[in-house]
Amino acid sequence: MAYHRQPSESKREQFRRYLEKSGVLDTLTSVLVALYEEPDKPNNALDFIKLHLGATGAEPEDAEALHAELADLTQKCNLLMAENKELRNRLMRYEPDSNGAAE
């Protein structure tokens, strides 16, 4: 039986080193310490952990609103860039030589 136990312990040790090396253990420890030190314990410890790990992403409706806002702002940016280009072209008709040489 000792033979079967050794490989599993070795795998466990390798996995522990992997978690340690990647920073998972430190991160989990710090989140659990934060939960321990929380004066008013949250009703849902799992939500607390998710929040502190950054696992709670934007809600789908929030993501949709952000996508719509991004599309709107991109369109406005494109319009402003076109207007800027047009105004620069008009300015160049009145001030073609910006290096001096005023007439």
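From the N terminus on, the elements run α-α-α-α. This is a predicted model, where local features need pLDDT of at least 70, side-chain atom pairs count only at pLDDT 80 or more, and totals for chains, interfaces and linings use all residues. Residues are numbered from 1 along each chain as its sequence is written, and side-chain values use heavy atoms, with hydrogens and water left out.

**Exercise 1.** Find how many helices and strands the protein has, and what percentage of its residues is buried.

*Solution.* 
- Step 1: Take helices (H or I, at least four residues) and strands (E, at least two) as DSSP runs, numbered from the N terminus. The protein then has 4 helices and 0 strands.
- Step 2: Call a residue buried under 20% relative accessible area, exposed over 50%, and partly exposed in between (1.4 Å probe, protein chains only). Of the 103 residues, 6% are buried.

**Exercise 2.** Work out which salt bridges Arg16 forms, and where the partners lie.

*Solution.* 
- Step 1: Look for a side-chain nitrogen of Lys or Arg within 4 Å of a carboxyl oxygen of Asp or Glu. The structure holds 3 such salt bridges.
- Step 2: Arg16 meets Glu13 at 2.4 Å, N to O. These two residues stand 3 apart in helix H1, so about one helical turn separates them.
- Step 3: Arg16 also bridges to Glu20, with the closest N and O atoms 2.7 Å apart. Here the spacing is 4 residues in helix H1, again about one helical turn.
- Step 4: Check the accessibility. Arg16 is partly exposed at 33%, as are Glu13 at 31% and Glu20 at 44%.

**Exercise 3.** Locate the salt bridge between Lys76 and Asp72, then compare its helix with the UniProt record.

*Solution.* 
- Step 1: The side chains of Lys76 and Asp72 meet at 3.5 Å, N to O.
- Step 2: Both residues belong to helix H4 (residues 60–94), 4 residues apart, about one turn of the helix. Shared partners, in turn, join Glu13, Arg16 and Glu20 into one network of salt bridges.
- Step 3: In an unreviewed entry, UniProt lists residues 63–90 as "coiled-coil region"; such annotations may be inferred rather than shown by experiment, with feature names shortened and positions in the numbering used here. In the model, that span is 100% helix and 0% strand, and its end C-alpha atoms lie 40 Å apart.

**Exercise 4.** Describe how the rings of Phe15 and Tyr18 are arranged.

*Solution.* 
- Step 1: Rings of Phe, Tyr and Trp (its six-membered ring) pair if their centres lie within 6.5 Å; planes under 30 degrees apart are stacked, over 60 edge-to-face, and the rest tilted. This rule gives 1 aromatic pair.
- Step 2: Phe15 and Tyr18 form a tilted pair, 6.0 Å centre to centre with 35 degrees between the planes.
- Step 3: Both sit in helix H1 (residues 2–22), 3 residues apart. Phe15 is partly exposed at 49% relative accessibility, whereas Tyr18 is exposed at 52%.
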